[in-house]
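Subject: Structure for your files

Hello,

Here is the structure I said I would send. My notes on it follow below.

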Amino acid sequence: MLLHILNRAPDTPACRQALSAMGPADRLLLIEDGVFGVLAAQRAVFAGVEGRLYALQEDLEARGLLGRHADGIQVVDVEGFVALTETCERTVSWY
């Protein structure tokens with residue numbers, strides 16, 4: 001199981017590459033501008049990773065998106081980020 005970390009918006013090549021590289025048990029953490037993917041309008045982009053999609057709370061807060069995330073997205077703080085890295089074999093960052 002890998003943790004994919006995406007810091008780019010959903011309409012970027014980095015996002016498409018990350019999603020195509022994900023295995024069935026992999027997790028995806030949205031950070032920085034990647035958290036724009038939590039909006040309901042982006043739900044279709046991440047349909048294949050439901051239940052395995054996370055967003056960093058601090059970045060949601062910084063962009064005024066906390067509480068505006070679609071269902072199925074798990075919000076984690078920095079401690080949750082660390083816990084994800086500990087439960088996954090490796091991490092892959094997409095920029």
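**Cysteines**

The sulfur of cysteine 15 lies 18 Å from the closest cysteine sulfur, in cysteine 88, which is too far for a bond. The structure therefore holds zero disulfides (a disulfide is a pair of cysteine sulfur atoms within 2.5 Å). Cysteine 15 is buried, at 1% relative accessibility, and cysteine 88 is buried at 7% (buried means under 20% relative accessible area, exposed over 50%, partly exposed in between, with a 1.4 Å probe and protein chains only).

**Basis**

This is a predicted model: local features need pLDDT of at least 70, side-chain atom pairs count only at pLDDT 80 or more, and totals for chains, interfaces and linings use all residues. Residues are numbered from 1 along each chain as its sequence is written, and side-chain values use heavy atoms, with hydrogens and water left out.

**Salt bridges**

There are three salt bridges (a side-chain nitrogen of Lys or Arg within 4 Å of a carboxyl oxygen of Asp or Glu). Aspartate 33 pairs with arginine 63 at 3.1 Å, N to O. These two are 30 residues apart, with aspartate 33 in the loop between β2 (27-30) and β3 (53-56) and arginine 63 in the loop between α2 and β4 (73-76) (helices, H or I of at least four residues, and strands, E of at least two, are DSSP runs numbered from the N terminus). Arginine 63 also bridges to aspartate 59 at 3.7 Å, so Asp33, Asp59 and Arg63 are linked in a network. Aspartate 59 is buried, at 14%, whereas arginine 63 is partly exposed, at 29%. Arginine 43 forms a salt bridge with glutamate 50 at 3.8 Å.

Regards
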